[in-house]
Amino acid sequence: MVAPLAIDPDALAEGAGRVAAVFAAFTAAAGAVYVLNDWLDRDRDRLHPEKRHRPLASGRIGGAGALLLAALCLAVLATCLLLVPPAAAGLVGAYLVVNLAYCLWLKHQPLVDVSIVALGFALRVAAGSAAAGVPYSSYLLICVYCSCLLLSLGKRRHELALHAAAGEAHRHRPALQHYSVGLLDSLMMVMLATTVISYALFTQGGLFSRHPLLATLTLPFAVFAGARYLQLVVVHDTGGEPGRDLSRDHAMLLNAALWLGLLIIGATT
């Protein structure tokens, strides 16, 4: 959603309302998908030490409550789509269709499962650009896709290691029987390299076009973020909840603060 800020900050200010509507639309679409996914996976989630506490898996919300929540999300989605440009609405629709396919079938297909998750975040970036009326950045889309794929692979690695000792990995997530720790480690290294390279190429344009030195100075922060994530997953056995794990890591938070500071300088000077 914040892609326009990285490409054209002025366009984001002019199209803030449309971007906010797209943000709400994606939130509602994701909410509906999560309700469906958690309902279908409620029996498997009960085997997971953390997911068993989710409302549907724990039984705090039953079928009627899940149906009501999904309907509410879809109603919000339909309303928001009336407020956004057709191109952005189409991307939201594509996100919904792809993720419905994920819930019903694709999540059980190895490699496809993590690819669909990463694609969803790339669609968010594309929709943000369409809503603000700024050109797409191919390098930014590649960077977002590969970085999210890296996080998804790390999550699969954590799940595989967590359940492998008890021989229950495939019961929690059937696709895990087609992965191995070695394969996931190799794929994560590839995704990290691709993320850094695409980010480096992205910084040569957009808000960095007038600040080539500043662009170079942001690259070490991108490299550190990826390397630190690998360290957390491989050495410290985290990665089950990437957002939570990264937001609680002091080194990552400091790196993000310094990185953000440079980005703000690039956007305002």
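Modeller: The model is a predicted one. I start with the second largest pocket, whose lining draws at least two residues from each of α3 (16-40), α4 (42-45), α7 (86-104), α8 (112-132), α9 (138-164) and α13 (242-247). The volume of this pocket is about 760 Å³. Its lining consists of 31 residues, and those nearest the centre are Y34, Y102, V117, K155 and R156. By class, the lining has 12 nonpolar, seven polar and 12 charged residues.

One of the helices that supply the lining is α9, and R157 lies in this helix. R157 has a relative accessibility of 9% and therefore counts as buried, the limit being under 20%. Apart from neighbours within four places in sequence, the contacts of R157 are V181, L184, D185, M188, V233 and V234.

Two other helices named for the lining, α3 and α7, also meet helix α6: the buried residues of α6 pack against α3, α7 and α5 (55-58). Helix α6 covers residues 63-81, 19 residues in total, and its first and last C-alpha atoms are 27 Å apart, close to the 27 Å expected at 1.5 Å a residue. Buried in α6 are A66, A70, C73, L77 and C80. Viewed down the helix axis, the buried residues of α6 fall within an arc of 85°, so they line one face of the helix. An α-helix has 3.6 residues a turn, so residues three or four places apart point the same way. A64, L67, L68 and L72, on the other side of α6, are exposed.

The loop between α6 and α7 holds V84. V84 counts as buried because its relative accessibility is 11%, where the limit is under 20%. Setting aside residues up to four places away in sequence, V84 touches R18, A21, V22 and A89. Of these contacts, V22 is one for which the separation can be given: V84 and V22 are 62 residues apart in sequence, while their C-alpha atoms are 6.5 Å apart in space. R18, A21 and V22 fall within the range of α3 (16-40), and A89 within that of α7 (86-104).

Terms used. Residues are numbered from 1 along each chain as its sequence is written. This is a predicted model: local features need pLDDT of at least 70, side-chain atom pairs count only at pLDDT 80 or more; totals for chains, interfaces and linings use all residues. Side-chain values use heavy atoms; hydrogens and water are left out. On a 1 Å grid over the protein atoms alone, a cavity is a set of points where a 1.4 Å probe fits but cannot get out, and a pocket is an open set with protein on both sides within 12 Å along at least five of seven lines; lining residues have an atom within 4 Å of a point. Grid points are joined across faces, edges and corners, and a volume is the space filled by probe spheres set on the points. Helices (H or I, at least four residues) and strands (E, at least two) are DSSP runs, numbered from the N terminus. Ala, Val, Leu, Ile, Met, Phe, Trp, Tyr, Cys and Pro count as nonpolar, Asp, Glu, Lys and Arg as charged, and the others, Gly among them, as polar. Buried means under 20% relative accessible area, exposed over 50%, partly exposed in between (1.4 Å probe, protein chains only). Contact means heavy atoms within 4.5 Å. The expected span of a helix is 1.5 Å times one less than its number of residues. The arc is that of the directions from the helix axis to the C-beta atoms.
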